[in-house]
Amino acid sequence: MKNTNDTRDREIFLSRTLNAPIALVWEVWTQPGHIANWWGPVGFTNTISTMDMQVGGEWNLVMHGPDGKDYINKSIFREVILHKKIVYEHISYPRLVATIEFAEQGDQTLITWHMLFESREQFIEVAKAHKVVEGQKQNVEKLEAYLAGLSPRQ
Amino acid sequence: MKARRDVFQAIADPTRREIINMIAPQSLNVNTIAEKFDMSRQAVSLHIQILIDCGLIVVKQQGRDRFCEAKLDQLSEVSIWVDQYRQHWESKLDNLEKYIEQLKKQRDEKHK
């Protein structure tokens with residue numbers, strides 16, 4: 001692992017305020033029966049064989065792509081604090097540490113999701129290889145067309 | 001839901017594409033840009049603000065003028081991949097949001 005303090009070039013940070021109390025958000029995040037219903041892109045199904053929500057516990061999730069391809073995701077939970085925080089280490093490729101935090105905001109819940117990739121190289125490789133989901137395809141085509149039309153920089 | 005700011009959004013609009021084309025060769029002052037368009041100054045300012053939020057423009061104050069400079073590195077291939085990948089994770093949050101709504105509805109009905 002590269003020894004650098006600057007992680008900006010290999011991380012993703014997302015946040016969203018969900019219109020549900022923290023207990024419900026926690027429930028849908030931590031129960032395999034729920035998570036299988038929302039994890040993974042549109043058109044994918046998920047099989048969760050293990051989800052042992054305790055420090056050192058394993059999480060095995062296989063995403064089944066619309067093309068019949070399986071994507072194995074093996075992780076180890078590093079931190080689990082009820083209604084507050086989940087940290088897991090994704091030990092399949094790409095290696096990353098994800099930190100999900102939950103904060104109560106009245107009847108709503110602010111969820112923040114931070115993913116730190118082991119290396120910039122893996123991060124870029126995954127981003128590059130990532131299948132463009134429908135809907136984004138159009139955007140990419142639009143952008144490509146636009147880039148093609150931009151005159152070369154002086 | 002929080003608004004997303006990325007290069008796709010930046011170039012999705014024809015006015016914004018035109019603004020980028022205008023300032024790509026040289027920095028221009030906000031008023032000069034606004035005069036070129038058949039719309040209110042506020043509307044043009046909003047487009048400029050979106051381009052700033054998307055990281056495609058930086059504004060530099062020079063005396064009383066505000067100059068817009070294009071930062072086209074954001075349109076590089078790598079940032080496009082990263083943006084796409086980020087959207088993949090954003091869509092996971094979309095799914096979570098939808099699923100929770102659905103679940104709430106189901107549970108409300110059971111209580112009736």
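Predicted model: local features only at pLDDT ≥ 70, side-chain atom pairs only at ≥ 80, totals over all residues.
Start with chain A. Four helices and seven strands make it up. Along the sequence they follow the pattern β-α-α-β-β-β-β-β-β-α-α. Chain A has 154 residues, and buried residues make up 15% of them. Now take its contacts between residues at least 6 apart in sequence. Of these, 34% join residues at least 24 apart.

Turn to chain B. It has five helices and three strands. From the N terminus on, they run α-α-β-α-α-β-β-α. Of its 112 residues, 26% count as buried. Take the contacts in chain B between residues at least 6 apart. Here 57% join residues at least 24 apart.

Next, look inside. The largest nonpolar core holds 26 residues. Val7(B), Ala10(B), Leu51(B) and Leu56(B) have the most contacts inside it. Which elements give two or more residues to this core? From chain A come strand 7 (108-117) and helix 3 (120-129). From chain B come helix 1 (7-11), helix 2 (14-23), helix 4 (41-53), strand 3 (65-70) and helix 5 (77-111). Domain 1 (7-73) and domain 2 (76-111) of chain B both give residues to the core, so it lies between them.

Zoom in on Leu51(B). Leaving aside residues up to four places away in sequence, Leu51(B) touches Ala10(B), Arg16(B), Ile19(B), Leu56(B) and Ile57(B).

Ile100(B) leads us to helix 5 of chain B, where it is one of the buried residues. Helix 5 has 35 residues. From its first C-alpha to its last it reaches 51 Å, close to the 51 Å expected at 1.5 Å a residue. How do side chains point along a helix? An α-helix has 3.6 residues a turn, so residues three or four places apart point the same way.

Finish with a residue of chain A. Gln105(A) sits in strand 6, which spans residues 96-105. Is Gln105(A) buried or exposed? It has 11 C-beta neighbours inside 10 Å, so it counts as exposed; the cut-off is 12 or fewer. Even so, Gln105(A) touches Thr17(A) and Leu110(A), not counting residues up to four places away in sequence. Thr17(A) is 88 residues from Gln105(A) along the chain, yet their C-alpha atoms are separated by 8.5 Å.

Technical notes:
Residues numbered from 1 in each chain as written. Chains lettered and ligands numbered in written order. Core = buried A, V, L, I, M, F, W, Y, C linked by C-beta atoms within 7 Å. Buried ≥ 20, exposed ≤ 12 C-beta atoms within 10 Å, placed from the backbone. Domains from an automatic or database assignment. Contact = placed C-beta atoms within 7 Å. Expected span 1.5 Å × (residues − 1).
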